[in-house]
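Dear colleague,

Please find the structure below. My notes on it follow directly after.

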Amino acid sequence: INAPYVNDQIANNPIVIDIIDINGRLVLSNKYQYANGTFVMPVDNLNKGMYFVRISNAQGALTKQFFKN
């Protein structure tokens, strides 16, 4: 997953990217320090299906769904 996340307020705050399966289980989680606005999280090990990616920091969170083929 390449997750662009642009917001001037995040420059000094770590970003947490969580991958959640359709049953609400947390299957992956990584913490990143802001770099250039793009965060890469490999999902090769995930089974096919629908997942949610949650990107959060001290200012809030954003959740989007995606499909792993």
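How many aromatic pairs does the count come to? The count comes to one aromatic pair, where rings of Phe, Tyr and Trp (its six-membered ring) pair if their centres lie within 6.5 Å. Y51 and F66 form this pair, with 5.7 Å centre to centre and 20° between the planes, and it is stacked; planes under 30 degrees apart count as stacked, over 60 as edge-to-face and the rest as tilted. Y51 lies in strand β5 and F66 in strand β6, so the pair ties together parts that are 15 residues apart in sequence. Strands here are DSSP runs (E, at least two residues), numbered from the N terminus. Y51 is buried at a relative accessible area of 7%, and F66 is buried at 15%; buried means under 20% relative accessible area, exposed over 50%, and partly exposed in between (1.4 Å probe, protein chains only).

Before going further, please note that this is a predicted model, in which local features need pLDDT of at least 70 and side-chain atom pairs count only at pLDDT 80 or more, while totals for chains, interfaces and linings use all residues. Residues are numbered from 1 along each chain as its sequence is written, and side-chain values use heavy atoms, with hydrogens and water left out.

With strand β6 (residues 60-68), β5 pairs in the antiparallel sense over nine bridges; two strands pair if DSSP finds at least two bridges between them. V53 stands opposite K64 in β6, and β5 and β6 form a hairpin with two residues between them. Strand β2 (residues 15-21) also pairs with β5 in the antiparallel sense, over six bridges, and there R54 is the bridge partner of D18.

D18 is buried at 8% relative accessibility, whereas R54 is partly exposed at 30%. D21, which is buried at 10%, forms a salt bridge with R25, also 2.9 Å from N to O. The structure holds two salt bridges.

A polar atom of the N57 side chain lies 2.8 Å from the backbone nitrogen of Q59.

Yours sincerely

Key
Polar contact = N/O pair within 3.5 Å; in protein donor to acceptor, adjacent residues only side chain to side chain. Helix = DSSP H or I, 4+ residues; strand = E, 2+ residues; numbered from the N terminus. Salt bridge = Lys/Arg side-chain N within 4 Å of Asp/Glu carboxyl O.
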